[in-house]
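Reader: I would like to go through this structure with you. Could we begin with the terms?

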Amino acid sequence: MSKERIIFCDFDGTITVNDNIVAIMKHFNPPGWEGIVEQIITQQISIREGVGAMFALLPTSRKAEIVDYAINNAVIRDGFAEFVSYCKEQGIKLLITSGGIDFFIYPLLSAFPIPVDHIYCNASSFDGETIEILWPNKCDEHCATDCGMCKTSIIRSYDGDRYERIIIGDSVTDFEGAKLVDTIFARSHLVERCEQLGYAYHPFETFFDIIKQLEASPVL
């Protein structure tokens with residue numbers, strides 16, 4: 001019997017054209033954020049440590065501005081609505097696995113018929129003086145990467161003997177997950193990492209590219 005397809009799809013820079021966290025930081029420009037981003041990308045600090053440190057630079061007194069900017073600035077990548085429909089029609093389980101934050105991910109995905117329990121992301125608290133990021137999806141005992149939102153823990157919860165596991169992503173939060181799956185759709189930093197490691201991948205610019213490749217590839 002063929003396997004069931006399951007897709008683990010990143011959000012920032014994948015479903016959206018730009019990385020929303022970086023866009024927020026560029027717009028509000030708190031001192032020190034650029035150095036933190038560089039440390040995350042070069043893996044000098046963990047994703048959890050870096051994302052938490054960046055948002056701690058932003059005062060909660062500006063919550064309305066920050067939330068409004070994050071939602072109104074984001075652009076959904078071409079073909080995503082059709083991709084969600086395609087997954088539903090084909091019986092492909094689609095999970096959104098994102099290192100992004102709830103205050104912009106849930107509003108932006110509310111336009112699409114994706115069950116809330118299929119969306120994994122970080123949470124946030126505006127109760128203190130600065131934004132605090134919360135981590136409801138921490139690493140399991142098999143991951144020591146300190147991801148914050150651990151994609152590999154979620155991927156491992158779906159048996160590779162039963163599922164054809166597919167990842168769609170673009171950056172550092174997808175590096176470890178790409179090592180576990182059967183099929184990789186990559187752009188940006190994830191392309192570079194796949195080439196460094198010698199992993200086969202499918203490049204994409206729109207979700208139409210992904211639909212076309214899935215249709216052309218036999219189910220494992």
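Author: Contact means that heavy atoms lie within 4.5 Å. Helices (H or I, at least four residues) and strands (E, at least two) are DSSP runs, numbered from the N terminus. This is a predicted model, in which local features need pLDDT of at least 70 and side-chain atom pairs count only at pLDDT 80 or more, while totals for chains, interfaces and linings use all residues. Residues are numbered from 1 along each chain as its sequence is written, and side-chain values use heavy atoms, with hydrogens and water left out.

Reader: What do the buried residues of H10 pack against?

Author: They pack against strand S1, helix H5 (80-90), strand S5 (163-169) and strand S6 (183-186).

Reader: And which residues of H10 are buried?

Author: In helix H10 (residues 207-216), these are Phe207, Ile210, Ile211 and Leu214. Buried means under 20% relative accessible area, exposed over 50%, and partly exposed in between (1.4 Å probe, protein chains only).

Reader: Why do they line one face of the helix?

Author: Seen down the axis of H10, the buried residues fall within an arc of 100°, so they line one face. The arc is that of the directions from the helix axis to the C-beta atoms. On the other side of H10, Lys212 and Ala216 are exposed.

Reader: What is found at the start of H10?

Author: There, a side-chain oxygen of Thr206 reaches to within 3.2 Å of the backbone nitrogen of Phe208.

Reader: Let us change topic. Is strand S2 mostly covered or mostly open?

Author: Strand S2 (residues 93-101) is mostly covered, as 8 of its 9 residues are buried.

Reader: Which strands pair with S2?

Author: Two strands pair if DSSP finds at least two bridges between them. Strand S1 (residues 4-9) pairs with S2 in the parallel sense over 4 bridges, and Ile7 stands opposite Leu94 in S2. Strand S3 (residues 119-125) also runs parallel to S2, joined by 3 bridges. In that pair, Thr97 stands opposite Tyr120 in S3.

Reader: How does the chain cross from S2 to S3?

Author: It passes through helix H6 (residues 102-109), and this β-α-β crossover is right-handed. That term applies if, with the strands pointing away from the viewer, the path from the first strand over the helix to the second runs clockwise.

Reader: One last topic: what is the phi of Asp146?

Author: Phi of Asp146 is near 60°, a positive value in a residue other than glycine. Asp146 is found in the loop between strand S4 (132-134) and helix H7 (151-156).

Terms used: A polar contact is a pair of N or O atoms within 3.5 Å; within protein, one must be able to donate a hydrogen and the other to accept it, and residues adjacent in sequence count only if both atoms are side-chain atoms.
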